[in-house]
Amino acid sequence: MTEQAGNQVLTANPWRDSDLDGATGAIVLADGTIIPGEGAGASGIATGELCFNTAMTGHQEILADPSYAGQIVCFTFPHIGNVGANAHDEEAASGRARKAAVGMVSRAPITPPANWRAEQSFAEWLAARGVVAVTGVDTRALTARIRELGMPIAAIAHDPGGKLDAEALRKAALEAPSMEGAELARHVLTDADSDWTEADWAWPDGPGIGPADGPLVVVLDYGVKANILRRLAGAGARVKLVPGTASVEDVLSLSPAGIVVSNGPGDPAATGEYALATIRGVIDAGVPTLGICLGHQMLALAIGAKTQKMTHGHHGANHPVKNLLSGQVEIVSMNHGFAVDRDSLPDNAEETHVSLFDGTNCGFRLTDKPVMSVQHHPEASPGPQDSFAVFDQFVGRLAGH
Ligand SMILES: NC(=O)CC[C@H](N)C(=O)O
């Protein structure tokens, strides 16, 4: 059901307010659109930026990724829950980072688990984690709408009693803050230094154990995903997690061989001078540094470049990225709604990766300092492992290989 307006395809709104009568779940967009469905997971109302994610697996890892704090995720894959939930697929590396996605939307009702790794049903996990979910939604139509509007602010609600109030939900959506200008990392970053020892998960033994010696990598935490830490340990590093609010003096006093600037939620441009001062300090001190996602954006800001909000962002596990250094195309995991403006990169920054979906910047390195940075998620979790080598290269150089 589409109509042509100029060169834009607009989806006619297939939903009516009266459809809300008796519904146990609903999503309401800030433009007033009301989408009824069946409530699942936690009951209550949550608000946030609504994005769509195209991954076919790894839905627990996605919703547990602290970078999704303040967001509602509409899965384009229809069947959610087949894998259930398990402790190893938690991606929050610290207790405070358990705040992640606030809502989830799916096509089919959440299925019972049918996987040997499942320890809990996905529906129970959503409820325990406080994620408000709505199923039975035409997620193709909703995704088309998200593409037209850009990622809209929305309210998502679940009332098992079927008494949802359309006006209250409209008001909640209208009053919710924009993602642009939102400083969210502060709410999820760890509040204390800690050592991380878990390495890559492998069948049949589960997670490995990192080395007792090896170069020390200090991770500046803005809501880091656990698999970044597992990958660093798996590549041979000793790993220490420190709050992203740490001063450059505190970080350098640990004598790190390398620094990782982590992923995280919110608008990088709002993430504060506290972070930029520390990142600039470690770059100036010549410590080899790797940035990932929010960390990539923060590194760009620290060297004087700019970031900008994208229209519907990149969220999925099948995105092609060209590595300009090797000439190879890597299929990667993506989760970002802001991007580095390549034209604002200073002369000492060389672009190393580019998205083959829309040509946006996906990586750079500095020509005069040991700094490399990627926009995508080389740790996958979920997604293909084409970019795992980023960690082996980074840690390998620190170890002098
Ligand atoms: N995964 C991330 O680190 C996300 C970075 C940033 N919050 C963005 O949406 O662009």
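Start by selecting serine 67: Ser67 sits in the loop between helix H1 (59–63) and strand E6 (71–75). Helices (H or I, at least four residues) and strands (E, at least two) are DSSP runs, numbered from the N terminus. Before you go on, keep in mind that this is a predicted model, where local features need pLDDT of at least 70, side-chain atom pairs count only at pLDDT 80 or more, and totals for chains, interfaces and linings use all residues. Residues are numbered from 1 along each chain as its sequence is written.

Stay on serine 67 for a moment. Serine 67 counts as buried because it has 31 C-beta neighbours inside 10 Å; the cut-offs are 20 or more other C-beta atoms within 10 Å for buried, 12 or fewer for exposed, and partly exposed in between, with C-beta atoms placed from the backbone. Now show its contacts (C-beta atoms, placed from the backbone, within 7 Å). Leaving aside neighbours within four places in sequence, they include Gly264, Leu294 and Asn335.

Next, select Ser67, Gly264, Gly266, Leu294, Gln297, Asn335, Gly337 and Phe338, which an unreviewed UniProt entry marks as "binding site". Though they span 272 residues in sequence, no two of their C-alpha atoms are more than 13.0 Å apart, so they gather at one spot. UniProt positions are in the numbering used here, feature names are shortened, and annotations may be inferred rather than shown by experiment.

Hop over to glycine 266, in the loop between strand E15 (258–261) and helix H8 (273–284). Glycine 266 is buried too, with 27 C-beta neighbours inside 10 Å. Beyond four places in sequence, its contacts include Gly70, Glu183 and Thr271.

Now bring up the ligand. Around it (C-beta atom, placed from the backbone, within 6 Å) you'll find residues including Ser67, Asn263, Pro265, Cys293 and His336. Strand E18 supplies the largest share of this shell, 4 residues.

Finally, color the open sheet: 10 strands in the order E10-E14-E13-E15-E16-E21-E20-E19-E17-E18, with mixed pairing. Two strands pair if DSSP finds at least two bridges between them. Strand E10 (194–196) and strand E18 (329–340) stand at the edges with a single partner strand each, so one side of each is left without a neighbour in the sheet. For a last stop, pick strand E13 (residues 216–221) and strand E14 (residues 238–243), which pair in the parallel sense over 6 bridges. Zoom in on valine 219 and you'll see leucine 241 of E14 standing opposite.

Conventions: Two residues are in contact if their C-beta atoms, placed from the backbone, lie within 7 Å.
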